[in-house]
Every structure is written in C-alpha cells, then in structure tokens.
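The tour goes stop by stop.

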Amino acid sequence: MIRNIIFDFGAVLLDWNPHYLYDPYFGSVEKADWFLSNICTQAWNTLQDAGRSCADGTAEKVAEFPEWEKEIRMFYGQWGKMMNGEIPGMRELVKDLKDKGFRLFGLSNWSAETFKTISDAPILDLLEGYIVSGYVGLIKPGPEIYRLLLDRYGLKAEESLFIDDNPDNVAGAEAVGIQTILFKGREALVGELESRL
C-alpha cells in the first residue's frame, strides 16, 4: 500500500528549462540545442547539483571553451531566466494528495546555490520534507540519496512512490525498492495515480 509520494522538482513540480534562456539568446532552438548538448551539458550541470560550486564549474568550462565564455557565464549568471514558475496544475494535484492523507516529500538534483532562488516556491510548502542533492553531496540515480530520504523521514521503500521525469532516476529508485512513475505530464500522471492509489 502506498503511503508516501516523493516528487522530483525540475520539470515535475517546477518549470525549469535552459531553453527559456538560450532560445531567445541564440534566436534558434537548434543553436540552443547544440550549445546545451556540447558546451553547457546536463552532465556538467549535474556536477554542480552534486555539490561543486557554480564558480568552479563555470571556471572549468570557460577554460575548456574560452570562445564561449559569455554564453557559459550566462548559465548560472542568469539562472532565473531558466525558471517559469510551477508546472501548471501540479500544485492543485499535490494539495489533493495531501488532503487525502498521503505523506509528501521531495527528492531533487539541484545545486545548493541555485536552489536558494526557488526554495520559497509555494508548492514546496505542501511537502513534509525534501532532500536536495547539492546540500547532501549525493546525487540521483545513486542509491545513497534515495536511502537517505527513506532513513531521514522513516519511510518504507515498498510504501513509497517516486515521480521523476528522468528514466535513470526512476531506475535508481526502483533499485532500492521504491515504486515509481515516469513523469510525462500532469494529465498522464493523474491517470497513473488513479490506477495505482
């Protein structure tokens, strides 16, 4: 029986997308795609999510690609432009689950530095607690961060359901015995929850 529901933050509860910053800058989705696939990659951003400082990450990337210095410095220098509030309808869904008596938590790969800019998002107030990778030095999909969440809040894996948009993170949760849903949008999630809860 599912008693606990655990949410990822970026692209599940909160609308974070680097294209909001880089598409207008480059004037082309294709150019922004190339930049984010080859220069400021998700793998590079994940190192900051795991605890490395944004300054160190930026300095390393600028040294590697000095011709892209301006664009690289934009990544953390204009981080706020990558945010577009909450995913529509998710706050209402989370509140409904809370009202039904489920314990709600968060588990997110997010830099401690940039998380400060969104930590006051109202949707996060609906959660009983959460773990952010940048504060604990652990990262999804490694098993340690899932176990830390379970231990910190006294949760049983088999009674917990984890929702994330990244298949690797979903697999990481399953590896420690947590039930999962791969997030593909609010409407699909509602259907999944209706069939599972």
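## Stop 1: helix 6

Select helix 6 and pick out its buried residues: M90, L93, V94 and L97. This is a predicted model. Now look down the axis of helix 6. The buried residues fall within an arc of 95°, so they line one face of the helix.

Turn to the face away from the buried side. E92 and D99 are exposed there. Next, show what covers the buried residues of helix 6; strand 1, strand 4 and helix 11 are included.

## Stop 2: helix 11

Move on to helix 11, residues 186-196. Which of its residues are buried? They are L189, V190 and L193. These three cover an arc of only 105° around the axis, which puts them on the same side of helix 11.

Helix 11 also has a face turned away from that buried side. Select E187, E194 and S195, the exposed residues it carries. Then display the packing partners of the buried residues: helix 6 (90-99), strand 6 and strand 7 (179-182).

## Stop 3: helix 9

Select residues 143-153, which form helix 9. Colour I145, Y146, L149, L150 and Y153, which are buried. View the helix end-on. Its buried residues fall within an arc of 140°, so they line one face of helix 9.

G154 follows helix 9. Its phi is positive, near 65°.

## Stop 4: A173

Go to helix 10 and click A173. Is A173 buried or exposed? It is buried, with a relative accessible area of 0%. Leaving aside residues up to four places away in sequence, A173 touches Y146, F162, I178 and T180. Y146 is one of the buried residues of helix 9.

Now draw a distance from A173 to P143. The two are 30 residues apart in sequence, yet 7.2 Å apart in space, C-alpha to C-alpha.

## Stop 5: S160

Step to strand 6 and select S160. S160 counts as buried, at 0% relative accessibility. Which residues does S160 touch, not counting those up to four places away in sequence? Show N4, I6, L150, L155, I178 and Q179. Among them, L150 is a buried residue of helix 9. I178 is also touched by A173.

## Last stop: the whole chain

Zoom out. The chain has eleven helices and seven strands. Its radius of gyration is 17 Å, close to the 16 Å that the globule rule gives for 197 residues, so the chain is as compact as a globular protein of that length. Along the principal axes, the C-alpha atoms fill a box of roughly 55 × 30 × 25 Å.

Switch to a surface view. The chain exposes about 9400 Å², and carbon and sulfur atoms supply 51% of that area. Buried residues make up 51% of the 197 residues.

Finally, colour by charge. There are 20 positive and 31 negative side chains, and the centres of the two sets lie 4 Å apart. For contacts between residues at least 6 apart in sequence, 65% join residues at least 24 apart.

Technical notes:
Residues are numbered from 1 along each chain as its sequence is written. This is a predicted model: local features need pLDDT of at least 70, side-chain atom pairs count only at pLDDT 80 or more; totals for chains, interfaces and linings use all residues. Side-chain values use heavy atoms; hydrogens and water are left out. Helices (H or I, at least four residues) and strands (E, at least two) are DSSP runs, numbered from the N terminus. The radius of gyration is taken over C-alpha atoms; the globule rule is 2.2 Å times the number of residues to the power 0.38. Buried means under 20% relative accessible area, exposed over 50%, partly exposed in between (1.4 Å probe, protein chains only). Contact means heavy atoms within 4.5 Å. Accessible areas come from the Shrake-Rupley method with a 1.4 Å probe; for residues, only the protein chains shown count as cover. Lys and Arg count as positive and Asp and Glu as negative; His and the chain ends are not counted. The place of a charge is taken as NZ of Lys, CZ of Arg, CG of Asp or CD of Glu. The arc is that of the directions from the helix axis to the C-beta atoms.
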